[in-house]
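Subject: Structure handover

Hello,

Here is the structure for you to look through. My notes on what turned up follow below it.

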Amino acid sequence: MKNQIIRTLVLQYILGAIYLIGTGLWDFAVSLSALVGCVAALVPKTYFGIRMIQATETNKNSPQWLGYAYRSEIGKWVIMGSIFVLAFTSGYPWDPVILFAGFVLIQLSGLFAPLVIKGN
C-alpha cells in the first residue's frame, strides 16, 4: 500500500508540474493561479498520504485504522479550506478558472492513478 500511495502522489506532482509549465508558457500572468490551485490539492493529499502510510505501518486493528483515516480526512479538508481562505482573502486578482482547473485536475488524477500504476 505504501508504494501505491507514493506512486500516486508522484504522479500527481508530475501532472501538477506539467500543468504549471503549460500555463506558464501560455500566459505567465496566470501561473500563480495555477500554482495555488495545484498546491490547494497537493498539500492536503500529501498530508493524507503520509498519515495513511504511518497508519498502515503501525496499526493492524481495523476499527483504529478507520478512525485514523477519518481524522486524517478531516485534517485534509481543514488544510484545503485554509489554503483557499488564504488565497481568496489575500486580495490578489486570481484567475478562478485557471486556479480551479489546476485543483480539479489534481483531484481527478487520483481517480485515474490506479490505471496508470496498475496496482504495483
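The salt bridge count comes to 1, where a salt bridge is a side-chain nitrogen of Lys or Arg within 4 Å of a carboxyl oxygen of Asp or Glu. Please note that this is a predicted model: local features need pLDDT of at least 70, side-chain atom pairs count only at pLDDT 80 or more, and totals for chains, interfaces and linings use all residues. Residues are numbered from 1 along each chain as its sequence is written, and side-chain values use heavy atoms, with hydrogens and water left out.

Back to the salt bridge. Side chains of opposite charge can pair when their charged atoms come close. Here E73 pairs with K76, and their closest N and O atoms are 3.6 Å apart. The two sit 3 residues apart in helix α3, so about one helical turn separates them. E73 is partly exposed, because its relative accessible area is 25%. K76 counts as buried, because its relative accessibility is 11%. The cut-offs are these: buried is under 20% relative accessible area, exposed is over 50%, and partly exposed is in between (1.4 Å probe, protein chains only).

Next, helix α3 itself. Helices (H or I, at least four residues) and strands (E, at least two) are DSSP runs, numbered from the N terminus. α3 covers residues 62-89. Its 28 residues should span 40 Å at 1.5 Å a residue, and the end C-alpha atoms are 40 Å apart, so the two agree. The expected span is 1.5 Å times one less than the number of residues. Buried residues in α3 include Y68, A69, S72, G75 and M80. After α3 comes G91, with a positive phi near 85°.

Now the aromatics. The structure holds 5 aromatic pairs. Rings of Phe, Tyr and Trp (its six-membered ring) pair if their centres lie within 6.5 Å; planes under 30 degrees apart count as stacked, over 60 as edge-to-face and the rest as tilted. One of the pairs is F84 with F100, stacked, at 5.5 Å centre to centre and 25° between the planes. This pair links distant parts of the chain: F84 is in α3, F100 is in helix α4 (residues 96-117), and they are 16 residues apart. F84 is buried, because its relative accessibility is 14%. F100 is partly exposed, because its value is 36%. F88 and F100 also form a stacked pair, at 6.0 Å centre to centre and 25° between the planes. That pair too joins α3 to α4, across 12 residues. F84, F88, F100 and F103 form one aromatic cluster.

S33 is buried, because its relative accessible area is 2%. Beyond its neighbours within four places in sequence, S33 is in contact (heavy atoms within 4.5 Å) with W94, D95, I98 and L99.

Last, the whole protein. It has 4 helices and 0 strands. Of its 120 residues, 36% count as buried. Its C-alpha atoms fill a box of roughly 50 × 35 × 15 Å, taken along the principal axes.

Best wishes
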